[in-house]
Amino acid sequence: MDILIYYTSWLLLLCGAFFCAVGGLGILRLPDFYSRQHAAGITDTLGAALLLIGLILQAGLSLVGIKLVMILLFLLFTSPVATHTIAQAALQSGLKPKLAEKERDG
Amino acid sequence: MSNFVDIALLAFLALVALAVTRTLNLFATVALTGIYSLLMASIFTTLDAVDVAFTEAAVGAGISTVLFLATMALTTSHEKPHHHHNWAAIMATLITGSALVYGTLDMPHFGDPQAPIHQHVAPHYIEISPNEIGVPNMVTSVLATYRGYDTLGETAVIFTACMAVLLLLQRDRRGGNRNVMAVPDADQRRGGQSMQHAMILRVFSKFFIPLIFLFGLYVQFHGDYGPGGGFQAGVIFASGFILYTLVFGLEKARQVIPPRTLQALVAFGLLLYAGTGIATLVMGGQFLEYKALAHEATHGEHLGILFIELGVGITVAAVMTTIFFTFAGRGRS
């Protein structure tokens with residue numbers, strides 16, 4: 001059982017690291033602000049959540065584990081709100097998504 | 001492995017520092033300084049200096065970023081490009097830099113147990129403080145009791161900084177507040193208004209600001225047992241107020257805590273700290289010798305640390321909020 005938890009946690013940690021890397025690559029490579037925002041959202045939610053769940057499995061049922069659960073809950077609330085707010089602020093300040101313009105032109 | 005982590009963090013630090021000097025867009029620069037602070041906090045964490053890391057993350061990455069952004073709302077967000085090199089400045093930087101690097105050659109090696117810092121008073125603190133002060137977090141006992149004068153000085157520095165900002169930026173009250181009426185608040189004109197219509201953000205803030213304050217209280221009063229204390233708690237409190245101001249506007253925030261109350265709190269925290277020192281004098285001890293506060297020595301120490309940490313927390317929270325209010329209320333004139 002312990003070994004199972006150990007390997008599951010490492011699997012989750014590696015998956016989280018993978019999604020963080022994908023998010024970072026996306027911020028660099030995606031064409032416009034909104035799609036980059038989407039990539040940053042992956043890092044914030046999926047990457048961080050998987051890393052934290054992996055760490056929670058490592059910590060077990062202890063004070064550290066409970067604190068990590070609270071950080072996870074905090075991130076699950078704050079990251080989407082932050083992403084949404086930034087995107088909305090960009091939209092209201094007049095930044096148009098790039099793909100929409102292309103469709104209109106063609 | 002830990003060497004690898006250290007080297008990677010330091011390399012990132014150098015890269016970020018270079019990027020800061022190369023970037024002309026000041027928004028990007030501010031974001032980079034935030035990253036720099038977070039990296040610094042990670043380095044402190046790997047060095048087991050959790051209290052310092054906490055302060056660095058809260059002050060460096062949190063509040064200073066917000067204050068920089070508030071400053072840019074008053075000035076400009078683009079640095080003027082420099083086309084010519086100032087050779088005198090480059091020479092001065094190079095000479096100072098190499099002198100500093102030369103100076104490090106004399107310093108003890110990293111983690112050397114024979115280093116003077118580990119020989120002087122640190123062993124005394126580690127041996128004596130658990131019994132003498134009775135506080136599990138040794139950082140707090142050093143900060144609040146052994147180095148109580150220094151912390152009083154730091155609090156006074158923060159107080160002075162706040163006074164300086166107020167003197168420089170606060171509008172002339174005798175002028176009948178005409179400027180405040182004429183110019184809308186900076187944050188309301190610049191995107192703040194749209195933010196006030198962002199429903200998700202408003203609902204989220206209403207739900208989360210109490211939790212931020214709760215966490216601030218935890219950090220404030222748990223500082224004796226774990227990382228935390230007045231400085232960090234004060235910054236967390238201030239960030240709660242700043243979030244409220246950003247989402248609901250300066251006017252409403254001023255109704256919640258009037259600037260006059262805030263300014264009174266700025267002074268009150270410092271007075272509480274110094275007053276604790278006076279109280280120990282009155283009760284027969286030396287200045288800031290908390291033993292005198294109660295019959296039992298460790299009891300007195302606990303009380304003293306509680307009071308002075310509270311004083312630090314109140315001053316820091318009030319100072320940060322006041323500075324932000326002053327910046328936000330200034331507008332672009």
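**Helices and cores in the predicted model**

In chain A, helix α1 (residues 2-29) and helix α2 (residues 33-59) have axes that come within 7 Å and cross at roughly 165°. Because angles over 145 degrees count as roughly antiparallel, α1(A) is roughly antiparallel to α2(A). As for handedness, α1(A) passes α2(A) in a left-handed crossing. Keep in mind that this is a predicted model.

Now for chain B. Its secondary structure comes to 15 helices and zero strands. Taken along the principal axes, the C-alpha atoms of chain B fill a box of roughly 60 × 50 × 40 Å. Of its 333 residues, 32% count as buried. Looking at contacts in chain B with a separation of 6 or more, 70% come from residues 24 or more positions apart.

In soluble globular proteins, nonpolar side chains tend to be buried together. The largest nonpolar core here has 55 residues, and those touching the most other members are V235(B), A238(B), V316(B), V319(B), M320(B) and F324(B). Several helices of chain B each supply at least two residues of this core, among them α3 (50-74), α8 (148-169), α11 (199-221) and α12 (230-248). The helix that gives the most is α15(B), with 14 residues.

Methods:
Residues numbered from 1 in each chain as written. Chains lettered and ligands numbered in written order. Predicted model: local features only at pLDDT ≥ 70, side-chain atom pairs only at ≥ 80, totals over all residues. Core = buried A, V, L, I, M, F, W, Y, C linked by C-beta atoms within 7 Å. Buried ≥ 20, exposed ≤ 12 C-beta atoms within 10 Å, placed from the backbone. Helix = DSSP H or I, 4+ residues; strand = E, 2+ residues; numbered from the N terminus. Axes fitted to C-alpha atoms, helices over the stretch in contact; angles between N-to-C directions. Parallel < 35°, antiparallel > 145°, perpendicular 65-115°, else oblique. Left-handed = near helix turned anticlockwise from the far one by under 90°. Contact = placed C-beta atoms within 7 Å.
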